[in-house]
Structure formats: C-alpha cells, structure tokens
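Please read the following account with the sequence and the model open side by side.

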Amino acid sequence: MQINRKEFLKKAGIAGASLIAGGVLYSLFKGDDIITAVVESSAQTKWAMLIDVKKCAGKPDCSACMTACHKGHNVPAIDDIRREIKWIWKADFGNVFPEHTSEYMDVAVRSQKVIVACNQCDNPPCVRVCPVGATWKRADGIVMMDHHRCIGCRYCMAACPYGSRSFNWKDPRKILSGNDIRVEYPVRTKGVVEKCNFCAERIDVGEMPLCVEACSEGAILFGNVADPESDIRRALAGKYVLRRKAELGTNPEIYYLV
Amino acid sequence: MLEKILTGKRQYWLLLGCLLVLMVPGLFFYTRQILDGLVITGLSRDVSWGLYISQFTFLVGVAASAVVVVIPYYLHDVKQFGRIVILGEFLAVSAVVMCLLFIFADMGQPFRIFNVLLYPSPHSLMFWDTVALLGYLVLNIIIAWTALSAEYKGIPVPQWTKPLIYLSIPWAISIHTVTAFLYAGLPGRPLWLASILGARFIASAFASGPSLLIILCLIVRKFTAFDPGIAALKSLAKIVVYALVINLFFIALEFFTAYYSGIPSHHHALDYLFFGLDGKSSLVWFMRISIVLGVAGLAGLLLQMKMNNTLLLLISLIAVFLSVWLDKGLGLVVGGFVPTPFETVTEYIPTLPESAIAVSIFAIGFMLLTALYKMVISIRISNGN
C-alpha cells in the first residue's frame with residue numbers, strides 16, 4: 001500500500017485526536033468518585049465548628065490556634081500580606097460580618113478580632129469550579145485539597161466568597177527552615193492552592209483539630225452536627241449564631257456565637 | 001501552501017523580525033516564572049487573576065472576527081464578504097491560540113495542564129471553556145484551510161465543509177457565553193454575578209473582533225497588492241456600530257441596577273472602577289477613557305458613513321478596539337476582585353515581567369497571524385486576485 005506524507009499526517013492526526021477524545025470520554029463516564037462523594041454526603045458524620053467570639057476576644061493577644069495550625073501543617077510565615085499563606089487567622093468583626101455592623105457600633109466592638117478559616121461549606125463553590133477535581137468534598141463534609149493534582153489555575157480562589165484560600169506564589173520550602181518542618185504533614189510545592197482542611201488527617205485517627213486542642217479558652221467547639229446528641233448540636237440548638245454570608249447558599253459549617 | 005510563508009519581500013521579514021524581538025524578553029521572564037513561580041507577577045491573595053486572565057477573556061472576544069463575516073456570507077449570501085471570510089477565520093485562529101497561551105502562562109503548575117483532560121470535570125465551567133475553545137480552533141483551522149486549498153487548486157470548496165461552517169456559528173456564540181459563565185456563576189463576586197454578562201460578552205466581542213479585522217484588512221490593502229474590498233469593510237463597520245451601541249447600552253444597564261437599587265455590594269466594584277473606593281483609584285482613568293473612547297468611536301463610525309473617509313474609519317475602529325480592551329481586558333477581571341471578601345480594597349498593578357510575558361504572547365499570536373495572512377495573500381495574488 002502506498003501512502004504519501006500528507007495522507008500519513010492526516011491519518012496520524014485523526015488517530016491521535018480520537019485517542020485523546022476517547023480517553024476524555026472514558027474518564028468522563030467511568031463514574032467520577034468526586035461527584036459521588038458530594039452526592040452521598042448525607043452521611044452519619046458532618047463535621048462543624050462553633051467559635052465563641054466573646055471567649056476569643058477576651059484574649060486579644062492570643063495566637064495559640066494559629067501557631068498550632070500553621071506549625072502543624074508546615075504553613076510558611078510570609079510577611080508580605082499580598083502573598084501570605086494562612087489557614088486560620090484573625091480579622092476584625094466589622095470585616096468578617098459587615099452585614100451585622102452598624103455605624104453606631106463602638107470601634108472597640110467593630111474591631112474585635114474574630115477567628116476565620118475555610119468554612120468547609122456544604123455546597124462549596126470551590127469544588128464546583130475546580131477543573132481537575134483537585135479540591136473535593138468528603139462524605140463527612142470536609143473540603144479537601146489534592147496538592148499533587150492542583151494545576152494552579154486559582155479558579156477556586158475566585159469562587160470562594162470568604163477569601164479562605166491561599167496560593168503558593170513562590171516555593172514554600174525556601175521559606176520554611178529545615179528544623180521546623182514537620183515530616184508528618186506534606187510540604188507544598190510552588191504554584192498550588194491550599195487552605196484549612198479541618199485537620200482531616202487528625203480526625204481520621206480520632207484526634208481533635210490542632211486549633212481546638214491549642215485553645216486554652218475552649219473557644220472552639222468541634223463536633224459532629226449530624227449527631228443530634230453531640231455537644232455542638234446542643235450548643236447550636238438554643239443559641240443565636242451567625243455564619244458568614246449564609247445568604248449565598250454555600251452553607252458554611254463554621255458557626256459564630258456572638 | 002505552507003511554502004508561501006517561507007518566501008517574501010523584505011518588509012514581510014522585517015515585520016516577522018520585529019515580532020520576534022518583541023517576543024524575546026517575555027520568553028526570558030517566563031523561564032523566571034517557571035523557576036520562581038508567579039511571585040514575579042503583581043498578583044496577590046486578594047486579586048488572584050490579573051493581566052493574563054483578562055487578556056484571555058478579551059481575546060476570546062476577538063475570536064468573534066470569524067463569525068461576524070461567516071453569518072452574512074453564508075446565511076445572508078452577502079457576496080462582498082467572500083474576500084475576507086478566510087481572513088476573519090485566521091484572525092480567530094490566532095486569537096484562540098493566544099487565549100490558550102495566556103491560560104497556560106497563568107497556571108501555577110503548567111506542566112500539569114493535561115490533568116484537565118485526565119480528570120475531566122463537567123461541573124467546572126473551565127472544562128466547558130476548554131472544549132469550546134479547542135473546538136472553535138479546530139473548526140476554524142479546518143474550514144479556512146480547506147477553503148484556501150480549494151482556492152489554491154482552483155477548484156470549488158468541497159461541500160462537506162458546509163455543515164462545519166453552520167456548526168461554527170452557534171459554536172462561536174458558545175465561546176463567548178461559556179467564557180462569561182466562568183465569571184457569572186460565582187457567588188461573592190457581585191460585579192460578575194450578573195445575567196447580562198453573557199450578553200455583554202457577545203456584544204463586546206462583536207464590536208472588538210470585527211474592529212481588529214477591518215484594521216488588519218486596511219493594513220493589508222495599504223501594504224500588499226491584495227485588496228479585500230473597501231465596500232465589504234464598510235459593511236462590516238456597520239456590524240461594529242450595532243454591536244457597540246448594544247454594548248454601551250448594556251454597560252448603562254449595569255450602572256442603573258447598581259446605583260438605583262443602592263445595594264452596596266452591587267455598586268462597590270463600579271465605584272472602584274469609575275470613581276475610586278477607599279482612596280484606591282488606580283483604574284479610574286482607564287475606565288473613564290474606555291467609555292470616552294467607546295462613545296467617540298461610535299460618533300466617528302457614524303460620521304464616516306456620511307463622509308466616506310477611510311482615515312476616520314481607521315481611527316474610530318482603533319478607538320473602539322481600545323475601549324473594549326480597557327473594559328474587558330483590564331477592568332472586568334480586576335474589578336471583580338474588589339472589594340475583597342473582607343470588604344477591603346487591594347489593588348493590582350501588573351509587573352514588568354508579567355507585562356513582558358503578555359507582550360510576548362501577543363507577538364507569537366501576531367507572528368502566526370502574519371504568516372497565515374501572507375499565505376492567503378500570496379495565493380490570491382498568484383491566482384490573479
């Protein structure tokens with residue numbers, strides 16, 4: 001059979017393109033584990049956090065939870081606020097809950113510090129937009145990150161209405177000093193997004209999140225809201241609590257007692 | 001046909017040489033970006049998309065240059081567009097190539113790009129945008145290439161391209177819509193969370209795409225022996241007028257809703273873009289100039305219909321193109337990140353390295369465009385126009 005160059009290129013091109021298209025279609029229809037995980041999240045366990053703003057504000061200089069979390073997860077300390085990476089941090093009440101602030105509120109009240117982190121939304125926009133499934137929701141409601149799959153497109157950062165996601169603008173390994181690196185938790189590479197994971201790695205072995213454990217005031221209550229008998233459910237039942245931007249329908253799982 | 005790219009007059013090589021020179025600094029800075037990360041850009045935790053993604057967004061619009069000639073030529077049988085159809089399609093090809101390069105430049109982990117194919121995620125609009133853009137690219141390459149090789153051989157265009165041409169029309173609409181959906185479906189970004197965004201993207205695309213196409217055709221007319229036909233260009237300018245009027249009207253609608261309702265989250269981003277917010281106002285003059293250029297361009301286009309002045313046509317089109325570029329290629333993406341989720345304002349100013357990388361991508365796109373246009377023009381000239 002005679003085949004000229006043009007024919008060969010044409011056929012090779014068609015074969016290559018159909019191979020790629022076929023592969024994509026195959027992975028599309030083989031049953032995506034991520035989507036199933038989202039659908040089946042009506043499970044027995046749903047983790048949530050209740051933050052007692054008053055208790056926390058009582059110790060304005062305290063940073064125990066943040067230090068414990070950032071040390072435990074190898075989060076580098078970056079001075080530049082434009083490039084910083086943070087999993088849990090403090091912000092002014094007026095900035096966290098602008099809709100609950102009035103012009104007659106004392107500056108002292110308005111600038112009271114409130115702990116913020118990833119809200120582990122029930123309906124997370126970040127998971128919806130991720131083009132590679134690098135961020136997904138576990139059956140127990142925790143929104144996870146796969147730092148090895150993330151392509152660094154930062155669509156999740158645009159989608160998150162809480163500013164809870166950070167990006168590694170540079171290699172974090174160059175900032176972390178050797179002795180401080182905890183080998184138990186992976187260090188990230190440059191060019192990927194990261195955020196609080198409710199200490200999924202600790203919950204899975206029956207431990208409390210680092211921030212909860214570190215708080216001497218007991219200002220953070222962590223528990224299973226799917227269990228009506230849990231402490232957190234009892235605490236939520238009779239109190240007026242706030243959630244950040246609940247009107248967006250994201251269903252945040254961090255509650256604030258004010 | 002490709003051999004036509006390899007021969008040319010001095011001015012052809014000079015143009016390619018200039019574009020090559022423009023490309024070099026960006027390549028250097030891109031290697032730095034690969035090594036050091038996106039820290040070389042002006043992006044931040046609060047404004048996490050900037051120049052790259054806004055150029056991508058703008059260039060998706062420029063790719064409309066194909067559909068605005070395809071619709072009149074194939075659906076309304078406007079014969080005079082026959083000479084510019086392929087030019088419109090090749091401009092679309094170059095624009096989409098630049099889009100893909102800008103996406104690639106924006107990625108934190110560019111070598112993982114095939115994860116998009118490996119883990120296709122239909123719940124992400126980015127997946128659909130990839131499908132839409134790649135599909136549009138392939139459609140336009142096949143359609144334009146087949147038509148041109150038929151012309152080259154002096155045979156009629158094969159019939160099998162007809163269905164592809166008809167498919168390319170809704171497909172072109174889809175690339176603008178899906179790109180708008182990237183933004184319009186995000187909670188917590190009120191500037192983008194507008195159902196008019198999809199319509200605005202189409203209107204601004206139909207203004208900027210043909211504007212650039214006419215400008216390029218005027219250049220071709222001036223510097224080569226091939227004449228795309230001034231009458232066709234003037235008809236195309238009418239499409240620009242309609243699209244521009246609709247786009248300006250849509251912008252006015254956004255202002256009305258934001259300011260008459262008085263809802264802070266709806267007008268904060270517009271405050272920032274057009275008047276400044278919290279003392280931060282680095283984009284204010286760019287956005288105002290965008291509106292002025294849009295209105296002036298419209299007036300110029302209307303006036304040249306009466307005066308029949310090609311220079312006025314050219315200047316007006318440049319004004320329109322810049323107007324849409326400032327609006328879509330600068331304000332829209334950056335403005336969406338203001339205010340931050342904590343009601344503060346973080347400004348974004350592109351750095352020299354990222355600007356050089358952007359220039360480099362434009363240079364690559366225009367090199368491709370120059371080569372493709374050279375091919376078309378050489379074939380047409382040797383065929384006796």
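**A walk through the two chains**

B:P339 lies in the loop of chain B between α12 (310–336) and α13 (352–382), where helices (H or I, at least four residues) and strands (E, at least two) are DSSP runs numbered from the N terminus. The peptide bond that joins B:V338 and B:P339 is cis, with omega at about -10°. This is a predicted model, in which local features need pLDDT of at least 70 and side-chain atom pairs count only at pLDDT 80 or more, while totals for chains, interfaces and linings use all residues. Residues are numbered from 1 along each chain as its sequence is written, chains are lettered from A and ligands numbered from 1 in the order in which they are written, and side-chain values use heavy atoms, with hydrogens and water left out.

Where the two chains meet, 45 residues from chain B and 55 residues from chain A take part in the contact, contact meaning heavy atoms within 4.5 Å. The area buried between chain B and chain A is about 4100 Å², and carbon and sulfur atoms give 56% of that area; buried area is the accessible area (1.4 Å probe) that two parts lose on being put together, summed over both. Of the area that chain B buries against chain A, 21% is supplied by B:R45, B:H123 and B:F342, more than by any other three residues.

The polar side of this contact comprises 30 residue pairs in polar contact between chain B and chain A, both residues at pLDDT 80 or more. A polar contact is a pair of N or O atoms within 3.5 Å, and within protein one must be able to donate a hydrogen and the other to accept it, residues adjacent in sequence counting only if both atoms are side-chain atoms. On the side of chain B that touches chain A, α1 (10–36), α5 (115–118), α6 (125–153) and α7 (161–184) of chain B each supply at least two residues.

How many salt bridges are counted between chain B and chain A? The count is one salt bridge, a term for a side-chain nitrogen of Lys or Arg within 4 Å of a carboxyl oxygen of Asp or Glu. B:D106 forms a salt bridge with A:R154, and their closest N and O atoms are 2.6 Å apart. A:R154 is placed in the loop of chain A between β5 (143–145) and α8 (155–159), and its phi is near 65°, a positive value in a residue other than glycine. A:R154 counts as buried because its relative accessibility is 1%, buried meaning under 20% relative accessible area, exposed over 50% and partly exposed in between (1.4 Å probe, protein chains only).

Chain A as a whole has eleven helices and ten strands, and its C-alpha trace spans about 85 × 45 × 40 Å along its principal axes. Of its 258 residues, 50% count as buried. A:K245, in the loop between β9 (241–242) and β10 (254–257) of chain A, likewise has a positive phi, of about 45°, although it is not a glycine. In helix α4 (residues 64–72) of chain A is A:H70, which counts as buried at 18% relative accessibility. Leaving aside neighbours within four places in sequence, A:H70 is in contact with A:V75, A:I85, A:K86, A:W87 and A:I88.

In chain B, helix α7 holds B:A180, which is buried, with a relative accessible area of 0%. Leaving aside neighbours within four places in sequence, B:A180 is in contact with B:L197, B:G198 and B:F201.
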